[in-house]
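Here are my notes on this one, in the order I'd talk them through. Have a look at the model first.

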Amino acid sequence: SARSGVFAGMKHASAPVLAVMAAAVVMAGCGSSSDSSGSGAGAGGGGYGGGSAPATTKAKPAATTTAAGTLALTAGEQGGLSFSPKALGAKAGTVTLKLANPGANGMPHAIAIEGQGVTKVGAIAQPGGSSTVTAKLAPGTYTFYCPVGSHRANGMEGKLTVS
């Protein structure tokens, strides 16, 4: 009888309310399942996987130099030659820039770093390929650019701030 009193005013709304509650339970279950799969895959993918994520958050930068020091960017051609993103940040040390040149692009591109006495140039990547450049960088401001033809002069450059 207490139950009928609680639900008495919900005669018309009980089915939709139950449906929403059921959906919430299902979604929560999916989220939990997905979360545990994601963390399980990370931890199961290698004992380092779970341990290196906190290291990336500044606990042990030396242990994850490659993973923590790799920055991804994409070459763009629509509306002019450009990079996305146009500004990057990194910690001092070994920094790698990896440029993706989408298959839909019509020309080759590459990635290069310049500044603070450093000049490093990556290999040219045809559409669908990638170009990588790695340099040991001290704190300061650097320019990353495309060294192919007149791409840099036409706006294909960005700023890399190293702290």
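1. Buried means under 20% relative accessible area, exposed over 50%, and partly exposed in between (1.4 Å probe, protein chains only). This is a predicted model, with local features needing pLDDT of at least 70 and side-chain atom pairs counting only at pLDDT 80 or more, while totals for chains, interfaces and linings use all residues. Residues are numbered from 1 along each chain as its sequence is written, and side-chain values use heavy atoms, leaving out hydrogens and water.

2. The largest nonpolar core has 24 residues; Leu-73, Phe-83, Leu-97, Ile-111, Leu-137, Phe-144 and Leu-160 touch the most other members. At least two core residues come from each of E1 (70–76), E3, E4 (93–100), E7 (130–137), E8 and E9. Strands are DSSP runs (E, at least two residues), numbered from the N terminus.

3. Now the open sheet: 5 strands, ordered E3-E9-E8-E5-E6, with mixed pairing. E3 (87–90) and E6 (118–121) are the edges; each has a single partner strand, so one side of each lacks a neighbour in the sheet. Two strands pair if DSSP finds at least two bridges between them. E8 (residues 140–145) and E9 (residues 157–162) run antiparallel, joined by 6 bridges, and Tyr-142 sits opposite Leu-160 in E9.

4. Two backbone spots to check. The Ser-84 to Pro-85 peptide bond is cis, omega near 0 degrees, and Pro-85 lies in the loop between E2 (82–84) and E3. Gln-116, in the loop between E5 (112–115) and E6, has a positive phi near 55 degrees. Gln-116 counts as exposed because its relative accessibility is 52%.

Definitions and conventions. Helix = DSSP H or I, 4+ residues; strand = E, 2+ residues; numbered from the N terminus. Core = buried A, V, L, I, M, F, W, Y, C linked by side-chain atoms within 4.5 Å.
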